[in-house]
Amino acid sequence: MEEEVRRSPALQALFDKVAAVRGVNIATLVHWPTDRKQWDESLLHRQIAWAKRAGFNTVKLPINWNPFMGPEPSHEIAGDFLDVVARAVDEVRSHGLLAIIDHHKAAYAPHDPNGSHNRVFAVWRQVGQRFAGIPDHELWFQPFADYTHNIYGTVSAQAFDLNSEDVDGHSFEAYSTAVDQLRADHADLMMAGRLSEAASLLRPDSTLTKESNEALSTVTPRALAIIREKNPTRPVLLRNLTKAHACLSPWIINPEEDDALIDYIHTYHPSVFCQQGSAMFAPSDRGARYYTMTSGVRWRGTNSERRAVRSVLRAYLVRGNLRERPVLVVEFGCVRAARTRDRMAHIACAREEFERAGLGYIYWEAFENFGFADPRTQRVWDPGALAALLPDSPLLPLKRLMPAAVAVASLRSCVLRTFRRARARIKKK
């Protein structure tokens, strides 16, 4: 018989809250124009209202603060942009939804790590102060949406001897597939208790890994301390709370000292399917180059494909269990360039696996490349994808009309794919 897990009441309440999250990212503030004349807050607020009507209980607002930050040392955020974010958070709260805000596109410069860190610290010092009065159960923070990924981007590339001089689009897809397989192998070893072997898969002794761990060991505790100055009990999402990339000890932050920390996952597996047709970058220690992922990749929901999706969750779950931290999926999804029925099957599979594992989840994203509704009118144009994510959404057509709605969406997707291919051939000529 398994030993009963004993948690403090506060930690148990957080576990329950995280497990109940059914959310969507609304990425409008990632691409918010710097020209004030182009600002359209009413559109953003209508998108938030749509999330409520669709049946979501959480809205995550990814935010690119960088264009609105002043020079060092203060890196002051423009007051009018901070007001826009505050009103968006209030709009989420007015609908009875949980709001999560982050720092998207936080660039890490290996040649100037202190400068990179200081920008992060400046954001959360100002954000923490501005939103300190909002109840903890209505707003959560995610300080490092892209930052840890950018820090570790060179590590995975080094693991496959990938560099910006010899990589091409084909080898980058091979690299993406290899990373997916690495995650699966790593998960299997962790589940079997072979932790040192799991850690060795990612070359923890490499110079790049040491540099990445040193960067995270510096930035993570301080950023959290800055947030805790004004928000001592607010839930904070932190990834890789341990120094080793394999998520083993020693701690960067001792979880026993803070009952309001949440581990989080980004998962787009398999990436060659979920991100097909997208412009992706190949990271390396010498820079990065962009490539367009191949289109037309299929995913039929076979037993082996479902097992592969399930396997990438194992390491994350072991990671959370080792630390007794709740785990939240903050990004997953599939681009709308994929075939409609394949996309439906994959989204449904991922959702079912998350629910089976007791994980809350937030889809990336509602209105753009991964979305299922028009960004300006909020009209649902892919009801099949929305049904795969939220089977009981009030915005779905009657069940007897769903097959026709899916057929229309599938035809629309086919026409768009044909148009894109024709346009690509014309450009080549």
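Contact here means heavy atoms within 4.5 Å, and helices (H or I, at least four residues) and strands (E, at least two) are DSSP runs numbered from the N terminus. Before you start clicking, note that this is a predicted model, in which local features need pLDDT of at least 70 and side-chain atom pairs count only at pLDDT 80 or more, while totals for chains, interfaces and linings use all residues. Residues are numbered from 1 along each chain as its sequence is written, and side-chain values use heavy atoms, with hydrogens and water left out.

**Stop 1: a helix pair**

Select residues 41-54, helix α2, together with residues 79-94, helix α3. Their axes (lines fitted to C-alpha atoms over the stretch in contact, with angles from 0 to 180 degrees between N-to-C directions) come within 9 Å and cross at roughly 25°. That makes α2 roughly parallel to α3, a label for angles under 35 degrees. The crossing of the two is right-handed, with the near helix turned clockwise from the far one by less than a right angle.

Now show side chains: E41, L44, H45 and I48 of α2 meet V84, R87, A88, E91 and V92 of α3. By type, the residues of this contact are 5 nonpolar, 1 polar and 3 charged. Ala, Val, Leu, Ile, Met, Phe, Trp, Tyr, Cys and Pro count as nonpolar, Asp, Glu, Lys and Arg as charged, and the others, Gly among them, as polar.

**Stop 2: two cis peptide bonds**

Most residues other than glycine have a negative phi, and most peptide bonds are trans. Go to P73, in the loop between β2 (58-61) and α3; a cis bond joins E72 to P73, with omega about 5°. Next, pick P270, in the loop between β6 (261-266) and α9 (271-274). The cis bond there links H269 and P270, and omega is about -5°.

**Stop 3: positive phi**

K105, in the loop between β3 (98-102) and α4 (113-130), has a positive phi near 60°. Then select Q378, in the loop between β10 (360-363) and α12 (383-389), where phi is about 65°. Are these residues buried or exposed? K105 is partly exposed at 41% relative accessibility, whereas Q378 is buried at 8% (buried is under 20% relative accessible area, exposed over 50%, partly exposed in between; 1.4 Å probe, protein chains only).

**Stop 4: cysteines**

How many disulfides does a search of the whole structure find? The search finds 0, a disulfide being a pair of cysteine sulfur atoms within 2.5 Å. Select C334: its sulfur is 5.1 Å from the closest cysteine sulfur, in C274, too far for a bond. C334 is buried, at 0% relative accessibility.

Definitions and conventions:
Angles under 35 degrees count as roughly parallel, over 145 as roughly antiparallel, 65 to 115 as roughly perpendicular and the rest as oblique.
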